Structure formats: structure tokens, C-alpha cells
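Me: Please show me the structure. I would like to go through it by question and answer.

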Amino acid sequence: MAFTTMPSSLTNSTSSPTMLLPPISHHINHILPPNKLIVNKPKRKLLHLTVANVASPSLPMITPPTPEEQRSGTTAGRHHHHHVAWTSILQENWEGELQVEGHIPPWLNGTYLRNGPGMWHIGDYDFRHLFDGYATVVKLRLQEGRLFAGHRQLESEAYRAAKKNQKICYREFSEVPKAANFLAYVGELASLFSGASLTDNANTGVVKLGDGRVVCLTETQKGSIVIDPETLETVGKFEYSDSLGGLIHSAHPVVTDKEFVTLLPDLVRAGYLVVRMEPGTNERRVIGRVNCRGGSSPGWVHSFPVTEHYVVVPEMPLRYCAQNLLKAEPTPLYKFEWHPQSKAFMHVMCKTSGNIVASVEVPLFVTFHFINAYEEEDEDGRVTAIIADCCEHNSDPTILDRLRLQNLRSFNGEDVLPDARVGRFRIPLDGSPYGELDAALDPNEHGKGMDMCSINPNNLGKKYRYAYACGAQRPCNFPNTLTKLDLELKKATNWHEEGAVPSEPFFVARPGATEEDDGVVISIVSEKNGEGYALLLDGSTFEEIARAKFPYGLPYGLHGCWVPKE
């Protein structure tokens with residue numbers, strides 16, 4: 001277990017919440033006593049977090065913005081006229097017990113972790129894009145019907161340098177450090193090629209490895225950071241011990257208790273290395289290589305699916321672009337370019353041999369997230385095709401630019417969210433040169449919005465019926481529903497609250513369950529009024545079973561994982 005210890009300025013937030021917010025000059029930067037969190041605001045009534053008739057220690061409290069502050073649009077030196085989902089978190093860390101409305105199933109014991117960008121400014125500078133924000137990790141610890149929650153900023157090098165220097169110091173998704181002069185710009189370019197200037201801001205996902213370590217991830221390999229799932233403290237860098245090199249990887253490896261599989265895009269010789277890492281090690285070993293069939297650069301691989309015996313490698317015509325990486329200002333597609341003439345392909349590799357068993361051209365597609373894949377068999381049990389499902393944006397790459405913070409914050413009631421669907425690929429294994437891509441169900445079932453998906457992990461790589469995702473209640477500018485997809489009946493059940501922005505619905509299966517949808521769906525919801533709450537839905541009926549309000553509004557988050565209680 002190789003990692004380098006990183007210093008942390010954080011303290012135990014249960015007893016002493018800390019105000020360490022950029023712009024730091026605008027905020028208190030010292031330890032506060034228990035049960036007080038002072039922000040530069042008028043006095044108001046504190047929101048109590050202790051649960052009635054439950055013995056618990058004295059817990060810290062946070063003062064949410066007053067109605068007057070919400071109307072005037074300013075709290076703690078930052079503007080709050082936009083939705084709390086797109087507003088920087090008000091404090092660096094907090095922990096406490098939440099009062100539960102409803103009933104938490106007694107079997108649900110463990111910790112849900114959610115990672116995502118939570119701070120979109122440094123000093124007086126506001127970031128451009130949703131994906132630029134510094135990582136905020138949120139936890140929901142469920143224990144015998146009680147819910148303990150908290151959050152903490154991830155102490156990446158990029159975040160610590162930004163706090164210290166009050167400016168961006170590493171290349172984020174759309175942001176580039178501002179060079180003082182031409183020589184500094186040239187030096188920054190040189191550090192880009194070595195990877196030194198790439199961010200380690202691991203703000204995308206969080207996974208529990210088979211050996212129990214919990215790692216936050218993003219698309220840069222250096223952005224792999226180990227955290228303590230109990231305290232959320234940053235433990236250190238996850239250092240890969242092999243010599244495979246490279247600067248980037250898929251932000252969404254496929255992780256089980258037995259293995260860790262991911263893709264390493266090769267930007268020099270356009271292709272992908274498919275690699276595996278065993279639990280208890282930091283060494284990735286090559287399963288095989290896929291050479292790209294279209295264009296001189298690999299397609300973006302934010303995620304990919306696997307089956308029981310195969311790895312599916314997607315090749316999108318949304319391709320990495322070296323010229324865009326070098327530019328000081330972002331292009332509409334950031335570090336990518338749309339090359340429809342280069343076509344789109346799906347490759348299938350045998351997990352055991354590394355051989356490519358299928359490589360087919362498919363209709364053009366754009367996806368961030370694959371849902372699942374499985375092997376289609378004939379009557380004799382022979383595998384004839386691979387079925388792979390994804391959240392597909394109708395081959396429209398402009399979804400990336402729709403995620404600019406300016407666009408998200410300026411919703412005026414106009415329906416501007418691009419259409420999306422559950423895209424289902426069929427990849428034949430009989431040597432045919434072409435595959436198929438169709439909608440797995442009528443997109444109107446989920447409001448023609450589709451992203452941020454999860455399934456019962458027991459069905460990973462196997463034929464499945466149910467998936468959970470975020471859909472749309474129109475008009476909107478971002479997915480705003482929680483959706484249960486029945487891919488057998490081709491129907492969807494939708495949960496929606498006016499003005500709410502829910503994050504990824506994460507399914508936790510009931511231990512010993514025999515039905516695929518027997519479990520609980522967890523989401524964290526940001527409200528229009530500046531507040532937020534944890535939400536639990538029954539995985540089968542998709543009805544609410546419990547919610548618990550946070551004492552403050554949480555920004556939108558991306559992806560999560562479940563750490564069961566041992």
C-alpha cells in the first residue's frame with residue numbers, strides 16, 4: 001500500500017468545525033468552539049441538529065442564510081442569488097447528527113460517501129465550469145436508524161496551493177493558471193507535458209477498493225487520493241507502483257471486491273491500454289491494448305462497461321485534442337474536439353486473453369456514463385453479442401458547454417436541457433462490421449433527460465432489469481428528477497420536487513435479498529430555498545421512506561460509493 005503522507009490543516013470537525021473558505025481574507029480562519037460556527041452575517045436563530053429523545057454529544061451548528069440575505073443575494077462575501085446546487089460550500093468541514101423524518105431500515109448500516117466539486121471560486125475569482133470545482137466529500141453514516149452526516153474539502157495539492165496563493169495553480173477542467181509573463185507561460189507549457197501542471201483535484205468519484213482503502217478519483221492519474229471514510233480526512237496520494245506511465249485514465253474504473261479495471265488512453269499512439277489491479281496492491285497489469293480506428297487521437301473515455309468475461313472499450317468521436325490542451329483559454333469543447341467524420345466504434349476485449357473479439361462501427365454517440373453491460377446468449381448458451389447501456393446525449397457534444405456555471409446559474413424557466421436517452425448498444429460477436437444503437441425505452445418516460453446512473457452491484461456485468469438515474473421534469477436546464485428505469489417493461493418511475501436538484505441516486509441492496517430492486521436508493525438533494533437534505537427511497541416502490549435536513553445547503557455532487565459496516 002504505497003502512498004505519500006500529505007499534511008492536513010483540518011481538525012476533528014465533530015468538536016471544532018473550521019472556517020477556511022476562499023476568499024480566505026473574507027472569512028474567519030481559526031478554530032471555533034463547539035456548537036458555534038460564526039460567519040460574517042447578522043445574528044439569527046440557530047438550527048438545532050440533535051435528535052429528540054436520543055442521547056448524543058453536543059454537536060456543532062451552522063447558521064443558514066436568513067430570508068433577508070437570500071433576497072439581497074449576499075452571504076459571507078459571496079453571491080447567493082443562484083441555486084445552492086451551484087454555490088460554493090459555506091465551510092470547509094462539518095459533522096453532526098441529523099434528525100430523521102420517516103424510517104431508516106434497520107439493516108442499512110454503513111456509510112454512503114459522495115464526491116464532487118463543491119468550491120467554485122478562489123479569492124475573488126469565480127470558476128467557469130461545473131467540473132472545475134475543488135472536491136467536497138460528503139458522508140452519510142447510517143447506524144441503527146440514526147443518521148450522522150458531514151463533509152470535508154479534499155486536501156489535494158491543487159486545493160492547498162490555491163488556498164495558500166489565492167489563485168489557481170494547476171490546470172483544472174477549463175481553468176489554466178494565469179502566467180505572469182511569456183517566460184512563465186512557456187514554463188507552464190513544459191510542465192504540462194510532464195504532467196506537473198495537471199491538477200490532482202480528485203472531484204469526480206470515490207470508490208472502495210477490495211482491500212478496504214477508499215480512493216477519490218478524477219481523470220488525471222495523479223488525482224488519485226486516499227481518504228479515511230470515517231473522518232473524511234485526506235490520508236495521502238494513491239501512488240501506482242507500476243511503470244505504465246501516462247497522465248490520464250478513465251475517471252470511472254470498474255471496481256469490485258476482487259479487482260480494479262480501468263482504461264489508460266494513449267495520446268501518442270491513439271489507443272487504450274486495458275489494465276487490472278488486484279486488491280492489496282498498487283500495481284496495474286496490462287490485460288491488452290485497443291488501437292483506435294478513427295482519427296489520430298483517442299476518444300474520451302470518462303467511463304466504460306464490463307461483462308462477466310469481456311471489457312467493452314468505447315471509441316467516441318469526441319476526441320482528446322492536444323491543441324486545445326495547450327490553449328490558455330477554453331474552447332467550447334474544452335480539451336476535446338468533435339470529429340464526426342472519424343466515426344464511432346465499440347471494441348470488445350476478452351478479460352482473460354486480452355484478445356479483441358469484436359470491433360464494430362456504431363452510430364455516432366456522446367456519453368459520460370455507461371450503466372451496465374451483459375452477454376447475450378442464444379438458445380444453446382453461446383454468447384452471440386454484447387449489450388451495453390449508457391446515458392446517451394443524442395450525439396450532441398454541446399452538453400459539455402451547457403455545464404458552464406454561468407449557464408447553470410442563469411436558469412429563467414426556459415427549457416434548455418439537451419435531450420438524452422438510455423442508449424443501448426448491441427455489439428455482435430459473429431464478425432459483423434457494424435453494431436446497433438437504439439433507445440432502450442421511450443425517452444419521454446424520463447422527460448428526455450438521462451444521466452448519473454447506478455444499478456444493483458450484484459448485477460454488474462450481468463443481465464439486469466432495473467437502473468436508477470437522474471431524469472428531467474421539463475422545463476429545466478439540468479436533470480432534476482430521480483428515476484427508476486424498468487428496462488424489461490420499458491417504463492420509468494420518477495421522483496420530483498419543485499426547484500430541487502438531486503444528485504446521483506445510489507442503490508444499496510438489502511443483504512440477503514433475492515429481488516433485484518430490494519434495497520434503498522440514497523440521494524442528496526439541493527433545494528431552491530438554499531437548504532438541502534438526504535433522501536432515502538424504497539428501491540422497489542420508489543416511494544420516500546426517510547429524509548433528513550442538513551443545517552445548510554449542499555452544492556451538487558457527482559458520484560458515490562457505499563462502505564458497509566464491518
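**Notes on the model**

Just after helix H2, glutamine 166 takes a positive phi of about 55 degrees. This is a predicted model, in which local features need pLDDT of at least 70 and side-chain atom pairs count only at pLDDT 80 or more, while totals for chains, interfaces and linings use all residues. Residues are numbered from 1 along each chain as its sequence is written, and side-chain values use heavy atoms, with hydrogens and water left out.

Me: Against which strands do the buried residues of H2 pack?
Reply: Helices (H or I, at least four residues) and strands (E, at least two) are DSSP runs, numbered from the N terminus. H2 covers residues 157-165, and its buried residues are Ala158, Tyr159, Ala161, Ala162 and Lys163. Buried means under 20% relative accessible area, exposed means over 50%, and partly exposed is in between (1.4 Å probe, protein chains only). The strands they pack against are E7 (117-119), E8 (121-122), E10 (134-143) and E11 (146-153).

Me: Which residues are linked with Lys163 in a network of salt bridges?
Reply: A salt bridge is a side-chain nitrogen of Lys or Arg within 4 Å of a carboxyl oxygen of Asp or Glu. Lys163 is one of the buried residues of H2. Its network of salt bridges also includes Glu92 and Glu155.

Me: With which residues is alanine 135 in contact, leaving aside its neighbours within four places in sequence?
Reply: Alanine 135 has its place in strand E10, and it is buried, with a relative accessible area of 1%. Its C-alpha atom is separated by 9.0 Å from that of cysteine 216, 81 residues apart along the chain. Contact means heavy atoms within 4.5 Å. With those neighbours left aside, the contacts of alanine 135 are Asn115, Gly116, Pro117, Arg152, Gln153, Leu154, Asn201, Ala202 and Asn203.

Me: Which strands stand at the edges of the open sheet of 4 strands?
Reply: Strands of a sheet pair through backbone hydrogen bonds, either parallel or antiparallel. Two strands count as paired if DSSP finds at least two bridges between them. This sheet has the order E29-E30-E31-E32, with antiparallel pairing. Each edge strand has a single partner strand, so one side of it is left without a neighbour in the sheet; the edge strands are E29 (451-454) and E32 (491-495).

Me: What is the bridge partner of lysine 484 in E32?
Reply: Strand E31 (residues 481-486) runs antiparallel to E32, and 5 bridges join them. In E32, the partner of lysine 484 is threonine 493.

Me: How many residues apart in sequence are the parts tied together by tryptophan 86 and tyrosine 556?
Reply: Rings of Phe, Tyr and Trp (its six-membered ring) pair if their centres lie within 6.5 Å; planes under 30 degrees apart count as stacked, over 60 as edge-to-face and the rest as tilted. A search of the whole structure finds 21 aromatic pairs. In this one the centres are 5.5 Å apart and the planes stand at 50 degrees, so the pair is tilted. Tryptophan 86 lies in the loop between E3 (78-79) and E4 (93-98), and tyrosine 556 in the loop between E37 (544-549) and E38 (559-564), so the separation of the parts in sequence is 470 residues.

Me: Is tyrosine 112 buried or exposed?
Reply: The rings of tyrosine 112 and phenylalanine 506 have their centres 5.7 Å apart and their planes at 45 degrees, so this pair is tilted. Phenylalanine 506, at 16% relative accessibility, counts as buried. Tyrosine 112 has a relative accessible area of 0%, so its class is buried.

Me: Where does lysine 351 lie?
Reply: Glutamate 259 forms a salt bridge with lysine 351, the closest N and O atoms being 3.7 Å apart. Both residues are buried. Glutamate 259 lies in the loop between E16 (254-255) and E17 (260-266), so the pair ties together parts that are 92 residues apart in sequence; the place of lysine 351 is the loop between E23 (344-350) and E24 (356-362).

Me: With which residue does arginine 404 meet in a salt bridge?
Reply: Arginine 404 is partly exposed, with a relative accessible area of 23%. Its partner lies at 2.7 Å, N to O, and is aspartate 401.
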